[in-house]
Protein chains: 2
Amino acid sequence: MTQPGTVRVGPAGAPVRQASLREHNLALVLRQVAAGVDGRPPSRADIAAATGLTRATVSALVDDLIGGRLLTEVEPVPRTGAGRPAQGLVLAGDGPAGLGLEINVDYLAACVMDLTGAVRHREVRRTDLRPVPATDALARLAELAGRAGAAARSQGLHLAGTALAVPGLVTAAGVVRLAPNLGWHDIDVPAILAAGTGALQVENAAGAPTPQAENAAAAPTLQVENEANLAALGELHAGPTGPATFIYISGEIGIGAGIVLHGELFRGARGWSGELGHIPVHPDGIDCRCGGRGCLERYAGQEAILAAAGLTGPPLPADAAIGRLVELAERADPAALGALAAAGTAIGVAVAGVINLLDVDTVLLGGVYAPLARWLAPPVRAEIRRRVLTAAWSPVAVQPARLGADAAVLGAAGSIVRGVLAHPARWLNAPG
Amino acid sequence: MTQPGTVRVGPAGAPVRQASLREHNLALVLRQVAAGVDGRPPSRADIAAATGLTRATVSALVDDLIGGRLLTEVEPVPRTGAGRPAQGLVLAGDGPAGLGLEINVDYLAACVMDLTGAVRHREVRRTDLRPVPATDALARLAELAGRAGAAARSQGLHLAGTALAVPGLVTAAGVVRLAPNLGWHDIDVPAILAAGTGALQVENAAGAPTPQAENAAAAPTLQVENEANLAALGELHAGPTGPATFIYISGEIGIGAGIVLHGELFRGARGWSGELGHIPVHPDGIDCRCGGRGCLERYAGQEAILAAAGLTGPPLPADAAIGRLVELAERADPAALGALAAAGTAIGVAVAGVINLLDVDTVLLGGVYAPLARWLAPPVRAEIRRRVLTAAWSPVAVQPARLGADAAVLGAAGSIVRGVLAHPARWLNAPG
C-alpha cells in the first residue's frame, strides 16, 4: 500500500515513476535552516529530526549546500547537558546574491541583497524620466546596475540574477507593452540592455571564476516585472508576522496594485493584473491619459493630490512635495486635508470593489501613500465599511506598507534570493 | 540521478519518501479513457502506450475501475490489419452520479448527472422564495432532492455526493453567511437539512447495498457553494472548446460572478470572491440593500432592467418577463432598448474595472443575461474598449454563456462527477 499524502502530485501529467528527491530535499534543508529550530541555528541532527530524513542523507545535502556557498557553519551555542555540542548551520552571507533594480517615473534605484536578506548595497537616483527616451533611461539604469555589481563583487558576492521593477504592463519575455506614465510602448528591455554597455551582463559574468559565477551567467540574467507586483512580494517577505493575503497599493504618479493571496502573488491571466489606477471611480468624470474617463489615478494619483492641495507652484521634487504635504496636513491645513480626504474616498471606492470581487482582508498603502496613510486610511476604511458586503463580520485592515518607497526594489532583489532558496539545485547543478 | 519534472512536488511539506502511485495512476487511466484515443474508446494497450505504464499495471488498474463501476468495456471497433481487436473502455454510465441542487430567489432546481456527463434527471420549480423562511425553502428543496435521488436509484445510479448552489456568501462549512436577496443571514444549511425530513441523507444511503452506495454515505454528502462559482464551473466544463480564463456573470435578481483562471475557479481569500453586484458604478448614486450606494445591482439587476423597460405592472414570473423584454427589444421598443443599453453600460463599467484588475480575456453573460446578450454585449464591449488599458492589443471577448439559466445546477452536479474522476481512489477505497 502507498501512503497517501506524503507527496503532492499534480492533477495531470505523467505517471509517477521517480521523484526528484535530491532537488526537493536540498530545498527542504535550506528551509529548515532559514526557519531555525527553537530560535537557534539548527545542527544536522536537528534537521534530521525535523524532516524525518536520515542523518547521513542530511549530512550529504548539507555538504553540497556548504560547497555551493548556500550554507555556512557557525560555532555551537554551549548547552547544558551531556554530549558534545553540534555545529549550527546558517544561510551563507558570502554566496549568491540578488540584484534588484527599479525604473520609475521620477527615480531609478538599485539594491543588492544576500541570501540572509541583508541589503549589501543600495542606491537611489532622483530624475524625471518622462522627457527621456527609453534607451537613455535604460542606459542610466545600467550605470546603477554596474555600480551595484561592482559593490557585490567587492564584498565577495556572486549575483544569481537580476530583477527589474517597471511601472507598467510587462510580457513574460520582459517587453514593456505599456507604461503610460513613462510614455513607453513595446519597449524590449532585455534587448536594449543587451545592446547597450552590457553592464548588466558584465556584472553577472565578471565575478571570480568559481562555478557559481558561471552558473549565474548561464541562468536567465534579467527578469522584468511590474513594480507593484514586486513591491507586494517585498511586503510579503518583509517580516514573519505580515499578512499573507492582501492588496498592496502603490501610490506614485500612477497607481498600481499587487495582489497576494495565501502567500502567492496573483498575476492574472497574462500577468497584467492590478491596474487599479484605471478602475473607474466616476464613470462620467475627468478624461484619463488611458482613453477612459473617471479613472482612480485622476483623483488619487500623486499629482492629483498635490494639485488639489495647492502644491503645484514651484517644481518641487516629488519626495519634497510629499514631505511638504505631510507638514501641511499636520498643521491641519484645510486644502491639504481636503485633498487627502478626497483621494482617500476615491481609493476607498475602488478598493471596496476590489474587496467585493477578490475577498482580500488587508489593504497596504504603499509608495507615497505610506507617509500619507494617517490621513488616507480613515476615508478608505469608511468606504469599505459602507460598500463591502462582508465588512460587517469580517473587518478589513487598512495600514501603511512597511517598506515604503523601497518596497519594489527590495522585492526585486528578494525575488532573486527566494528563487535560489526555493531551487538550490539550479544554482548548484547548472552547467559551468 | 533523479529525473526532474516527472512529479510535481509541492513547494513545502514533508520529504519525499513514497508517492501515492496507485491513486495517481487510477486517475491517470480515467483521464485517458475520458479523453479517448484518436476519437475512439481506448484499449488497455492504448492506455499503456499513452501513459508509459506497463500493460500489467494498466490491466490491474482497469480491473479495479471496472469493479467500482467507473469504467465499462465496449465491443471493439473492427479494424483493418492483423491481430484480434482489443475491447475499448468508456466511462460507466451506471455507476456513481452527482446530484446538483440550486436554490435561487425565484426558483429551485435539481439535476442528476452520471459519470459520462449525461443528465439523467432534471427538475425546475418556479417559486418566489423571498417571503419564505429559510427552513421552509430548504424543506421544499429537500423534496426536489428526494425525487432526484429516487430517479437516480431507479436508473441504477448511486449518488456520490450532492452540491448545492446558493446566491450568497458561503463558509467552508456550508453556512450561508449572507444571501441578501433571499434575506438569509447565517443559515446553517447542512444542519437544517439534516434536521429536516432527511431526504438528502436517505437518498445517499438507500441505494442497493453495494459497497459504492455505502461509500457514498460515508463521504461528505453535501457541499454548499456560491451559485455563480458553480455556474462558472459548469461553463468551464460545458465543452472542450470553451475559454479557460474568463469571468462568468450571473445576472439574476442579484448579480454574481465566477472567476476562472487557467481552468481553475478562483475563490478569493475566504471563498467570497465575485460579489460583482456590489461594485460601485455610480459612487454617489442610488442606495442599495447592502448599505452601499450606486452598486451595479441597482442599475443592471434583473428587476432594475425590467423596471426601466416598463415591465413592472402585473406580477409576471421572471422568466416570462424576460421573454417579454426580448420580444419588445426585437420590435425595437425604445424603453426596452434604452433599459438594456443602460444596463449594458453599467455592466461594462464594472467589468472594465474587473479586467484592469484581474486581466481576464473573456466575459460570459449568464443567467438572464444570456438571452439578453444580443443587446447587452455591445455596450459592454464599448466600455471595455474605452476603459481597459490592454484592450488595444488584447481584445476581450464578450459572449453569452452556453448553459444559460441551468449553468449553476449543471455545474453543481458536474463538480461531484469531476471529484469522482479526479479522486477515484476515494470512491473505490472508502470504508464500507
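How many bridges join strand 6 of chain A to strand 10 of chain A, and do they run parallel or antiparallel? Strand 6 (residues 158–166) and strand 10 of chain A run parallel and are joined by 5 bridges. This is a predicted model in which local features need pLDDT of at least 70 and side-chain atom pairs count only at pLDDT 80 or more, while totals for chains, interfaces and linings use all residues. Residues are numbered from 1 along each chain as its sequence is written, chains are lettered from A and ligands numbered from 1 in the order in which they are written, and side-chain values use heavy atoms, with hydrogens and water left out.

**View 1. The open sheet of chain A.** The sheet has 5 strands in the order 5-4-3-6-10, with mixed pairing (two strands pair if DSSP finds at least two bridges between them; strands are DSSP runs of E, at least two residues, and helices runs of H or I, at least four, both numbered from the N terminus). Strand 5 (119–126) and strand 10 (222–226) of chain A each have a single partner strand and stand at the edges, so one side of each is left without a neighbour in the sheet. On average, neighbouring strands are turned by 15° against each other, direction ignored. A:Leu164 stands opposite A:Val224 of strand 10 of chain A.

**View 2. Helices on the sheet of chain A.** Helix 4 (residues 134–154) of chain A packs on the sheet and touches strand 3, strand 4 (107–114), strand 5 and strand 6 of chain A (contact means heavy atoms within 4.5 Å). The direction of helix 4 makes about 25° with that of strand 4 of chain A (axes are lines fitted to C-alpha atoms, for helices over the stretch in contact, and angles run from 0 to 180 degrees between N-to-C directions). Helix 8 (residues 227–236) of chain A lies across strand 3, strand 6 and strand 10 of chain A, at about 95° to strand 10.

**View 3. Helix 1 and helix 3 of chain A.** The axes of helix 1 (residues 21–35) and helix 3 (residues 55–67) of chain A come within 10 Å and cross at roughly 75°. The two helices are therefore roughly perpendicular to each other (65 to 115 degrees; under 35 counts as roughly parallel, over 145 as roughly antiparallel, the rest as oblique). Helix 1 of chain A contributes A:Arg22, A:Asn25, A:Leu26, A:Val29 and A:Leu30 to the contact, and helix 3 of chain A contributes A:Leu61, A:Val62, A:Asp64 and A:Leu65.

**View 4. Helix 8 of chain B.** In helix 8 (residues 227–236) of chain B, 10 of 10 residues are buried (under 20% relative accessible area; exposed is over 50%, partly exposed in between; 1.4 Å probe, protein chains only). Among them are B:Glu227, B:Asn229 and B:Glu235. At the start of this helix, a side-chain oxygen of B:Asn226 comes to within 2.9 Å of the backbone nitrogen of B:Ala228.

**View 5. Two residues with positive phi.** A:Ala332 is not a glycine, yet has a positive phi of about 60°. A:Ala332 sits in the loop between helix 11 (318–330) and helix 12 (334–358) of chain A, and is partly exposed at 46% relative accessibility. B:Asp186, in strand 9 (residues 184–188) of chain B, has a positive phi near 50°.

Note on methods: A polar contact is a pair of N or O atoms within 3.5 Å; within protein, one must be able to donate a hydrogen and the other to accept it, and residues adjacent in sequence count only if both atoms are side-chain atoms.
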